[in-house]
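Please consult the sequence and the coordinates alongside the text.

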Amino acid sequence: MKKIIIYGIVFLASFNIALAQNPTEIPLDQVWKDKITDLAPEKATFPFKKKRKILVFSLHTGFWHWVNPHTAAMIEILGKKSGAFDVTTSTDIAMMEKDKLKEFDAVVFDNTNSKPKYRNLFVDVFSEDASMDSVAVWKKANQLENNIIQYVKKGGGILVVHGGNTMLNNSMEFSKLTGGSFDYHTKQQAFQVRIEDPSHPLTKSLPAEGYNHVDEPYFYKNAYDDLDFHPLTYFNNAEIEGQKKGQEKTSGKTYVSWIRKDGKGRAMYISTSHNAQSFENSAILAYFLDALQYVAGDVKVDETPIGK
């Protein structure tokens, strides 16, 4: 308990001062893992009948987020400590084949950033294969994308973390599945993450008044405009500095995390995961554990889209 209090004080001190605008990269070592283990929930929030299987997929061809291995380690710790799920980590594109996906209850897309040219992770990878022409590349890429879409429709779950929404950023089908595509982000800054509905089962772990957070505020496009999802957290647009010229939003809100039902399955997006320091907070860890239980199918919650 003392360790949790100390870590909590350190977190609040570092994230509520201007000097924390650009958190320093920290090593993924045993000290950090022990810290996360101490802060992680003792048990799962929602009862479960069986231990789930979760794939953390961290392949990237575009921007490398140093937090990627920390995110995977954090999820492994949550699964081990709570006993709610076993975790497999991979960067192997073959894991997106139908027979591989069906082995898992949920898949986490951990900053699976694609290159800017096509904004398609799969095209990026297959384009490196000299034996495939452009027709074959796009055919295979579309097949893997459809595998993911059908995986969710048939009952699987996906959790897309931060830049993971850029993996198929120009695909409207993937945008509809995940609730929106990446448009741009501002500079890192401290901003208030607010709770849409503090009584929702997936936000009860968070402070009802929200929390101050240092990250890249994300703005979205494509399917996001339909608001075909159930929002969980947001920021007030007027509070965000450095918005793109000509696209400044001085009123309203932009959502930070949300969920949506698709067929028999579930999709969830969480944008606030650019820095490993984000995980040094017991409330955030509980939020991720609840999110993982949700996409894995352990709990039914209100998923009513606000756009309908």
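How many nonpolar, polar and charged residues are in the lining of the largest cavity? The lining has five nonpolar, two polar and no charged residues, where Ala, Val, Leu, Ile, Met, Phe, Trp, Tyr, Cys and Pro count as nonpolar, Asp, Glu, Lys and Arg as charged, and the others, Gly among them, as polar.

The model is predicted; local features need pLDDT of at least 70, side-chain atom pairs count only at pLDDT 80 or more, and totals for chains, interfaces and linings use all residues. Residues are numbered from 1 along each chain as its sequence is written, and side-chain values use heavy atoms, with hydrogens and water left out.

**The cavity**

There is one cavity of 30 Å³ or more (a set of points on a 1 Å grid over the protein atoms alone where a 1.4 Å probe fits but cannot get out; lining residues have an atom within 4 Å of a point). The largest cavity holds about 40 Å³ of space, the volume being that filled by probe spheres set on the points. Its lining consists of Tyr-211, His-213, Ile-270, Thr-272, Ile-284, Tyr-287 and Phe-288. Strand 7 (211-215) and helix 8 are the elements that give two or more residues to this lining, and helix 8 gives the most, with three residues. Helices (H or I, at least four residues) and strands (E, at least two) are DSSP runs, numbered from the N terminus.

**Helix packing**

Axes are lines fitted to C-alpha atoms, for helices over the stretch in contact, and angles run from 0 to 180 degrees between N-to-C directions.

| Helix pair | Angle | Axis separation |
|---|---|---|
| Helix 2 (residues 30-39) and helix 3 (residues 68-82) | about 45° | 10 Å |
| Helix 3 and helix 8 (residues 282-296) | about 75° | 10 Å |

Helix 3 and helix 8 are therefore roughly perpendicular to each other (65 to 115 degrees). Their contact (heavy atoms within 4.5 Å) joins Met-74, Ile-75, Leu-78 and Ser-82 of helix 3 to Leu-285, Phe-288, Leu-289 and Leu-292 of helix 8. This contact has seven nonpolar, one polar and no charged residues.

In the other pair, Trp-32, Lys-33, Ile-36, Thr-37 and Asp-38 of helix 2 meet His-70, Ala-73, Met-74, Ile-77 and Lys-81 of helix 3. The residues of that contact divide into five nonpolar, two polar and three charged.

Terms used: Parallel < 35°, antiparallel > 145°, perpendicular 65-115°, else oblique. 1 Å grid on protein atoms, 1.4 Å probe; cavity = no way out; pocket = protein on both sides within 12 Å on 5 of 7 lines; lining within 4 Å.
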